Amino acid sequence: MSDITCYTHGLALAPMAGYTGSPFRVVCRTLGATGLVTEMVTAAGISRRSVKSIRYLRYLPEEKPLGVQLFGAKPADFSRSAELVSTLGFSFIDINAGCPVKKVLSSGSGAALLRDLPRLFEVVRATVAATSLPVTVKIRLGFSPDEPLPEGMCGLLCAAGASAVTIHGRYRSDMFGGAVNPEGIERLSRNSPVPVVANGDVKSPADGERLLSLEGVTGLMVGRGALGNPWIFRALSGGPPKPGPGEIRQVIARQLELMLAECPQPGMFNAMRGHLVHYLKGFPGAACLRDRAVRVATPRDVLELADEAEELIWGAL
Ligand SMILES: Cc1cc2nc3c(=O)[nH]c(=O)nc-3n(C[C@H](O)[C@H](O)[C@H](O)COP(=O)(O)O)c2cc1C
């Protein structure tokens, strides 16, 4: 697989701000995620060379091929930031045209671009002109059911220079709630001249097959279904769906090690807590462990919880 087809024709981990930093991306890659992309990074911040924004661009060699996702509203910010990120070893640049959060919309970024297609196309053209990397775009079905994207949307993005499109099968008005809408994805993917990655509610191989069977869909992207369950990538590749004995501890310990290396303590424990409450689910006694997970403050606290989870699931190992 070429670098970009790892993303467009494989199993991609969705960008999820606050969760899919380098440590979780590495864990998911180890378990079969072929497509990785950073969480959204501000194009304006990168253009200004803001240290805070540039921090989000750090990654480890084992994450390659890796894309970088930019969000913003101004074509000039995209072209300046595309020039910079193109020198950093990324395999593609993804444009966020789906973030539904008010603060992001108020600056004309994210899903606001779904309501201003001339601007979105201008952003794509400006990015493409500034880089030799493939440029992809992540969209939703539209701003709301009353404002759906045109059926030929993927063709229009292709005409602006996009190499692939990811479709999150919800409207901006859905935020992250409600069931994914496969018919809505297929309406846009059916006649796409570029590869389409389908995203939304993939929590099992059956969910994955349903989206992959849609006309024009070439790859899958998994978001919340991977939180606490990076094994979903193994399951989607036909491997064992559940972690075996010792695997939860092993994955938590690896993630902890990577997070400690990446983030200064104690800030890193906020992120770790967010992951632990997802790992510690679905077995008798998990609720008690989750109560403690929100208070972990040392590496030892984290590993003790991981050991106890293994004991509760498998008995003493
Ligand atoms: C906490 C959180 C953070 C997210 N951050 C981003 C982001 O940075 N960029 C982006 O394109 N989408 C972001 N998303 C949306 C996901 O990439 C994905 O499209 C969405 O969760 C639907 O997929 P799912 O149903 O598999 O979770 C985020 C979603 C969540 C839940």
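The model is predicted. In the model, helices α2 and α12 pack against each other, and 18 residues surround the ligand. The arginine is Arg 273, in helix α13.

**The helix pair α2 and α12**

- Two packed helices are described by the angle between their axes and the distance between the axes.
- For α2 (residues 22-30) and α12 (residues 247-262), the angle is about 145 degrees and the axes are 8 Å apart.
- The two helices cross in a right-handed sense.
- On the α2 side, the contact is made by Ser 22, Pro 23, Phe 24, Val 26 and Val 27.
- On the α12 side, the residues in contact are Val 251, Arg 254, Gln 255, Leu 258, Met 259 and Glu 262.
- Sorted by class, the residues of this contact are seven nonpolar, two polar and two charged.

**The ligand site**

- Which of the 18 residues around the ligand come nearest? They are Pro 15, Gln 69, Asn 199, Asp 201 and Arg 224.
- The shell around the ligand is made up of seven nonpolar, six polar and five charged residues.
- Pro 15 has a backbone N or O atom 2.8 Å from an oxygen atom of the ligand.
- Ala 17 has a backbone N or O atom 2.8 Å from a nitrogen atom of the ligand.
- Lys 138 uses its side chain: a polar atom there lies 2.9 Å from an oxygen atom of the ligand.
- On its own the ligand has 610 Å² of accessible area, and the protein covers 89% of that area.

- Pro 65 belongs to the loop between α4 (51-54) and β4 (66-71).

**Arg 273 and its surroundings**

- Helix α13, which contains Arg 273, spans residues 267-279.
- Leaving aside residues up to four places away in sequence, Arg 273 touches Ala 293, Val 294, Arg 295 and Val 296.
- Arg 273 and Ala 293 are 20 residues apart along the chain, and their C-alpha atoms are separated by 5.8 Å.
- The side chains of Arg 273 and Asn 270 are joined by a polar contact of 2.6 Å.

How values were computed: Residues numbered from 1 in each chain as written. Predicted model: local features only at pLDDT ≥ 70, side-chain atom pairs only at ≥ 80, totals over all residues. Heavy atoms only, no water. Axes fitted to C-alpha atoms, helices over the stretch in contact; angles between N-to-C directions. Helix = DSSP H or I, 4+ residues; strand = E, 2+ residues; numbered from the N terminus. Left-handed = near helix turned anticlockwise from the far one by under 90°. Contact = heavy atoms within 4.5 Å. Nonpolar A, V, L, I, M, F, W, Y, C, P; charged D, E, K, R; others polar. Near = heavy atom within 4 Å. Polar contact = N/O pair within 3.5 Å; in protein donor to acceptor, adjacent residues only side chain to side chain. Areas by Shrake-Rupley, 256 points an atom, 1.4 Å probe, with all protein chains shown as cover.
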